[in-house]
Amino acid sequence: TDLQRSAYALLGQQPGVNFQGNVEGRGLPMNECDVAVCDGFTGNMVLKTIEGVGLAYTRMLKQIMLKNTRTKLAALMLKKDMASLKKKMDYSEIGGAPFIGLNRPVIKAHGSCNAKGFCSAVGQAIRWVNSDVTGAIARALAGAEAEKDD
């Protein structure tokens, strides 16, 4: 759309921004970018799809690991590492995603988050406030705007 083309052009012109351009969806969970800019509907669909794939993969892996005695022994040997991976992929550990570009920190908690997820979202909001992320973004944008005007 015109909005995406305009955002692309503006981000590409910003000094101090390591703008990579368009990223394939498969690159998002592979850390090909630190920030993906998109509209809310698309962002939500991407996020929910990644979560769903993660849950499906975990279930399939569990089925494989419990298939027979040999795989159960392998699972027992990998139990600690698998628990670490599961924790790393658990969205309730993060709690939510920040809305960037607002005057105050806003963390959007997952619609189906449990108490742990909600606590994680609150913790994330506290970290954002304590590290003044919103202020740092505002100062960086003001500096970029000043450089552009010079």
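**Notebook: side-chain pairs and a buried serine**

I began with phenylalanine 19, which at 27% relative accessibility counts as partly exposed. The model I am reading is a predicted one, and I keep that in mind for every value below.

**Entry on the aromatic rings.** I searched for ring pairs and found that the structure holds 1 aromatic pair. Tyrosine 8 and phenylalanine 19 form this pair, which is edge-to-face, with 5.1 Å from centre to centre and 80 degrees between the planes. I then looked up where the two residues sit: tyrosine 8 belongs to helix α1, while phenylalanine 19 lies in the loop between α1 and α2 (40–65), so that the pair links distant parts of the chain, 11 residues apart. For tyrosine 8 I noted a relative accessibility of 41%, and this residue therefore counts as partly exposed.

**Entry on the salt bridges.** How many salt bridges does a search of the whole structure find? The search returns 4. As a reminder to myself, side chains of opposite charge can pair when their charged atoms come close.

Next I looked at aspartate 90, which forms a salt bridge with lysine 116, the closest N and O atoms being 3.5 Å apart. Aspartate 90 lies in the loop between α3 and β1 and lysine 116 in helix α4 (residues 115–130), so this pair ties together parts that are 26 residues apart in sequence. I recorded aspartate 90 as partly exposed, with a relative accessible area of 26%, and lysine 116 also as partly exposed, with 41%. I also noted that Asp90 and Lys116 belong, together with Glu93, to a network of linked salt bridges.

I then turned to arginine 139, which forms a salt bridge with aspartate 132, with 3.1 Å between the closest N and O atoms. Arginine 139 is exposed, with a relative accessible area of 53%, whereas aspartate 132, at 35% relative accessibility, counts as partly exposed.

**Entry on serine 92.** I looked up serine 92 in the loop between α3 (69–89) and β1 (96–99). Why does serine 92 count as buried? Its relative accessibility is 5%, and buried means under 20%, so serine 92 falls in that class. I then asked which residues serine 92 touches, leaving aside its neighbours within four places in sequence, and the list is Asn114, Lys116, Gly117 and Ser120. One of these contacts, Lys116, is the residue that I had already listed as the salt-bridge partner of aspartate 90.

Of its members I looked up leucine 102, which lies in the loop between β1 and β2 (106–109). At 42% relative accessibility, leucine 102 counts as partly exposed.

Notes: Residues are numbered from 1 along each chain as its sequence is written. This is a predicted model: local features need pLDDT of at least 70, side-chain atom pairs count only at pLDDT 80 or more; totals for chains, interfaces and linings use all residues. Side-chain values use heavy atoms; hydrogens and water are left out. Helices (H or I, at least four residues) and strands (E, at least two) are DSSP runs, numbered from the N terminus. Buried means under 20% relative accessible area, exposed over 50%, partly exposed in between (1.4 Å probe, protein chains only). Contact means heavy atoms within 4.5 Å. A salt bridge is a side-chain nitrogen of Lys or Arg within 4 Å of a carboxyl oxygen of Asp or Glu. Rings of Phe, Tyr and Trp (its six-membered ring) pair if their centres lie within 6.5 Å; planes under 30 degrees apart count as stacked, over 60 as edge-to-face and the rest as tilted.
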